[in-house]
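I opened my notebook to look up a few helices, strands and a ligand shell. My entries are below.

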Amino acid sequence: EDQELRSIGKRKAVTKDGRHVPVFANIGSPEEVDEALSYGAEGVGLFRTEFLFMKRSAPPSEDEQVEAYRKVLEGMGDKKVVIRTLDFGADKQVSYLPTKKEENPALGLRAIRLCLTHKEMFITQLRALGRASVFGNLRIMIPMVSRLDEIIQTKELFEYVRMDLRKEGIAVRDSIPFGIMVETPAAAVLSAELAEHVDFFSIGTNDLTQYVLAADRMNEDVASWYDVENPAVMSLIRQTVANAKARSITVSICGEAAGNPVLAEKFLRMGVDELSMSSALIPQAKRAICGLNLKGNA
Ligand code: PEP
Ligand code: MG
């Protein structure tokens, strides 16, 4: 069984009606690249970079970050690698940031909000990403977007970083696709407008479910309210996918729900292009996709 699944993992996932659905891995460190490839990942759909920053007394230096990103990019060859900028806050805290204790950390100064507030650390990460861009097929993605200006500010900051690197004689890839996580209700509601400013969307169903239903993803007492299949959540996912399609940008799902074959089918029928999940789930996801006929009725 395990052998059989692994060999399925090696193949591409093509539906009975001939649609190739790229299946990517979610990773948290360069050490996971080999595992991802052995399970049949066609790229990295989500590299959660905050794990490089945790369990240490100071952030990794620019050079250390370049090495980490380079390992992932080179390990994946010409396959897509989506590197997500820092997503600190809520359940992921570090000691060296000047953050205050918050009453509602999930609603607090986290992820892109924190990065744009304490820019030094963000600039270091963007420089490292710029420097690493020449080693592979890099895409940059920002988490927890809730307003258009976060996208505009981040793109501007990256252009400054690019100019600085150029002045220092350091090569940066010309056009690095830039995308966002759609994981707040605001981003989903505004997805038609946001799609005009980015190259791709990746829907983070873990946080989107939590925020749409006001149900903490970590709190077992509200686990029955925390339901990605709730029509309110599915409706926002459907709108987001439709708005991405209307602007011809790529849309993927990178939350846990992507690894659930029943939900994955629903997402693919909505028009989702790609799925990203824990490596170990890739073979069974590919097997399920190969059994689908997306032209037929559900
Ligand atoms: C998500 O929110 O769905 C997601 C993929 O990101 P994370 O689980 O890291 O918050
Ligand atoms: Mg998230």
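The entries that follow go from ground rules to a helix, a sheet, and the ligand's surroundings.

**Ground rules.** I am working with a predicted model, where local features need pLDDT of at least 70, side-chain atom pairs count only at pLDDT 80 or more, and totals for chains, interfaces and linings use all residues. Residues are numbered from 1 along each chain as its sequence is written, while chains are lettered from A and ligands numbered from 1 in the order in which they are written.

Which residues of α7 are buried? I found Glu150, Ile151, Thr154, Phe158 and Val161. Buried means 20 or more other C-beta atoms within 10 Å of the residue's own; exposed means 12 or fewer; partly exposed is in between; C-beta atoms are placed from the backbone. Seen down the axis of α7, these buried residues fall within an arc of 95°, so they line one face. The arc is taken from the directions from the helix axis to the C-beta atoms. I noted the general rule: an α-helix has 3.6 residues a turn, so residues three or four places apart point the same way.

The face of α7 turned away from the buried side carries exposed residues, among them Asp149, Glu156, Tyr160 and Lys167. The buried residues of α7 pack against α5, α6, β4, β5 and α9. After α7 comes Gly169, with a positive phi near 80°.

**Entry 1: strand β3.** Next I checked β3, residues 80–84. 5 of its 5 residues are buried, so β3 is largely enclosed by the rest of the structure. Lys80, Val82 and Arg84 point one way, and Val81 and Ile83 the other.

How many bridges join β3 to β2? I read 4, in the parallel sense (strands pair if DSSP finds at least two bridges between them). Val44 stands opposite Val81. β3 also pairs with β4 in the parallel sense, over 5 bridges. Met141 in β4 is the bridge partner of Arg84.

**Entry 2: annotated residues.** The unreviewed UniProt entry lists a "binding site" at Arg48, Arg84, Asn206, Asp207 and Arg217. Positions use the numbering here, feature names are shortened, and annotations may be inferred rather than shown by experiment.

Arg48 sits in strand β2, residues 43–48. Arg48 is partly exposed, with 17 other C-beta atoms within 10 Å. Leaving aside neighbours within four places in sequence, Arg48 is in contact with Gly28, Arg84 and Asp87 (contact means C-beta atoms, placed from the backbone, within 7 Å).

Is Asp207 buried or exposed? Asp207 counts as buried, because it has 23 C-beta neighbours inside 10 Å. Asp207 lies in α10, residues 205–213. In α10, 7 of the 9 residues are buried. What covers them includes β5, α8, β6, α11 and β7. Just after α10, Ala214 takes a positive phi of about 50°.

**Entry 3: ligand 1.** I listed the residues around ligand 1, including Arg48, Asp87, Asn206, Asp207 and Cys254 (near means a C-beta atom, placed from the backbone, within 6 Å). β2 and α10 each supply at least two residues of this shell. The largest share, 3 residues, comes from α10.

How values were computed: Contact = placed C-beta atoms within 7 Å.
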